[in-house]
Amino acid sequence: MAGRFDPNPFDEEEVNPFSKPANSRLSPLPPEPAGFGGYNHGATVDIPIDSSTDLKKKERELQAKEAELRRREQDIKRREEAASRAGIQLEEKNWPPFFPIIHHDISNEIPIHLQRIQYVAFSTFLGMVFCFLFLKFLVLNISICYAGVKIWFLAIIYFISGVPGGYFLWYRPLYRAFRTDSALKFGWFFFFYLIHIGFCIIAAVAPPIFFKGKSLTGVLAAIDVIGNSLLVGIFYFIGFGLFCVEIVLSIWVLQQVYMYFRGSGKAAEVRRDAARGAVRAAI
């Protein structure tokens with residue numbers, strides 16, 4: 001039996017809305033922004049933006065650079081046109097490929113019908129270089145064994161004067177003669193190419209003029225040396241064969257160039273006569 005002072009369960013509890021609420025067991029969670037993957041898409045990123053003054057300054061610098069490039073291009077073009085009008089051909093060194101020291105482009109600068117002659121002429125130039133190298137090596141060995149250093153120095157003189165001299169005195173004039181069809185270049189080539197052929201003949205014979213001919217790998221020197229050393233004599237005969245091949249190719253080049261020169265001269269005379277006839281008919 002309930003006591004007299006027990007509370008009535010059916011009575012309404014009086015709650016004061018202005019009173020402070022008691023501390024709850026769980027604290028409320030902080031609000032989270034709505035998003036995907038926990039990334040804050042609403043965050044702002046500070047991007048530095050140049051001021052209008054800096055943009056105008058950069059624009060002026062770019063315009064100045066463009067104007068300078070245009071000026072340089074026009075200057076180069078003007079020089080090339082002036083050189084072309086004056087007949088000056090700009091040559092870029094491109095041979096040999098691993099260390100360019102000369103300009104050489106037969107396929108693009110020499111007419112097609114003359115390229116074969118030019119290639120063979122270039123082969124004779126390279127053959128001459130090889131002959132001088134072989135001569136220098138062989139004379140070096142024989143000079144150490146038999147004749148001293150005098151013929152070795154003479155072989156060095158042959159090489160130094162023969163290789164650059166051959167290029168500047170007859171190969172380059174022929175190259176330019178085929179490019180420009182210049183009679184002066186052809187004459188220069190004929191004169192020094194005949195000297196080249198004459199030297200090859202002397203080298204192939206090796207007469208006993210200087211040091212009994214042992215400074216040249218000719219047949220007479222080979223016969224003289226083979227009695228002392230069979231191996232050295234064989235090398236001298238090889239040098240004789242190399243100079244003989246050089247002579248044959250050089251004579252062929254000389255003949256072909258002469259035939260072309262005569263033909264081009266006759267063709268020029270025919271063209272001049274035709275032009276004169278046309279002028280007379282017009283008058």
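**Figure 1. Overall fold of the predicted model.** The chain contains seven helices and zero strands. Read from the N terminus, the order of elements is α-α-α-α-α-α-α. Buried residues make up 28% of the 283 residues of the chain. Among contacts with a separation of 6 or more, 59% join residues 24 or more positions apart.

**Figure 2. The largest nonpolar core, which has 51 residues.** The members that touch the most other members are Phe125, Tyr171, Phe189, Tyr236 and Val257. At least two core residues come from each of α3 (112-147), α4 (150-180), α5 (183-205), α6 (219-226) and α7 (230-282). The most is given by α3, with 15 residues.

**Figure 3. Surroundings of the core residue Tyr236.** Leaving aside residues up to four places away in sequence, Tyr236 touches Leu138, Val139 and Ile142, together with Lys214, Leu216, Thr217 and Gly218, and also Ala221, Ala222 and Val225.

**Figure 4. Helix α4, with a kink centred on Gly165.** The kink in α4 is about 40°. The 31 residues of α4 should span 45 Å at 1.5 Å a residue, and the 44 Å between its end C-alpha atoms agrees with this. After α4 comes Asp181, which has a positive phi near 55°.

Definitions and conventions
Residues numbered from 1 in each chain as written. Predicted model: local features only at pLDDT ≥ 70, side-chain atom pairs only at ≥ 80, totals over all residues. Heavy atoms only, no water. Helix = DSSP H or I, 4+ residues; strand = E, 2+ residues; numbered from the N terminus. Buried < 20%, exposed > 50% of the residue type's maximum accessible area, 1.4 Å probe, protein only. Contact = heavy atoms within 4.5 Å. Core = buried A, V, L, I, M, F, W, Y, C linked by side-chain atoms within 4.5 Å. Expected span 1.5 Å × (residues − 1). Bend = angle between axes of the 7 residues up to and from the residue.
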